[in-house]
Amino acid sequence: RLGAVLAQAGAALADHDGVLAFAFDEEHRADPQHPAVDDEARIHHDGRTVANGPNSATLNCVLPDDGAIWVGASSARLYRGDGGELIEDPGFADAPGRGDWHTPWGGPPDVRSMAVDGANTLFVNVHVGGIVRCDDTGPSPTLDIHADVHQVIADPSVEGTVLAACARGMAQSTDGRVFTYRDDGLHAPYCRAVTLIGDTVLISA
């Protein structure tokens, strides 16, 4: 995932074919203890396998959260891992608007990325299904699904600060509910990845 790599990078060089090289500094070096998923639906942490996903699922992304982990998967499924077991989130399985989620090529939708803000609210990027906000009241849609979101991030130290790379440009929110679009300075509005390093936003378009 480009955004996941950019989040650890001090600098990057790229051309129209993609990323050529990254330069890392000590402050932004990747954390080897961050959970990761592989193509056999296994979750790894600190050099060992800590959980196995369902046989029918392709695991796309993983997000640590207060001692447990969230895992986004194919067919727009959301799992929570705790104690070596992955359990599908029942609220997300019945999220409002799920029946309209799709992909441009006619396949099932995917959970592509996730983020948690300073209030521990979870934001789930569904492709194509917008961004689903998950808090104590349950899941609720935010962005119009036609925004075609490719990645969502949030400031973990601030409540409601959320950014997303979309086909319409960069979407931003200060309350985690209402988003506006920006494409100023971009050669084209179609954005694929976004990350936040300090007060600097990096976005690919």
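T121 lies in the loop that links strand 10 to strand 11; strands (E, at least two residues) and helices (H or I, at least four) are DSSP runs, numbered from the N terminus. This is a predicted model, in which local features need pLDDT of at least 70 and side-chain atom pairs count only at pLDDT 80 or more, while totals for chains, interfaces and linings use all residues. Residues are numbered from 1 along each chain as its sequence is written, and side-chain values use heavy atoms, with hydrogens and water left out.

- T121 counts as buried because its relative accessibility is 6%, where buried means under 20% relative accessible area, exposed over 50% and partly exposed in between (1.4 Å probe, protein chains only).
- Beyond neighbours within four places in sequence, T121 is in contact (heavy atoms within 4.5 Å) with A115, V116, R133, C134 and D135.
- With the neighbours within four places again set aside, the contacts of L122 are L63, W70, L78, M114, A115, V116, V132, R133 and C134.

**Nonpolar cores**
- A nonpolar core is a set of buried Ala, Val, Leu, Ile, Met, Phe, Trp, Tyr and Cys residues joined through side-chain atoms within 4.5 Å.
- The largest nonpolar core has 17 residues, and those touching the most other members are L78, F92, W101, M114, L122, V124 and V126.
- Two or more residues of this core come from each of strand 6 (59–65), strand 10 (110–116), strand 11 (122–127) and strand 12 (130–135).
- A second, separate core holds 13 residues, among them L143, V149, A154 and C166.

**Whole protein**
- The protein has two helices and 19 strands.
- Of its 205 residues, 42% count as buried.
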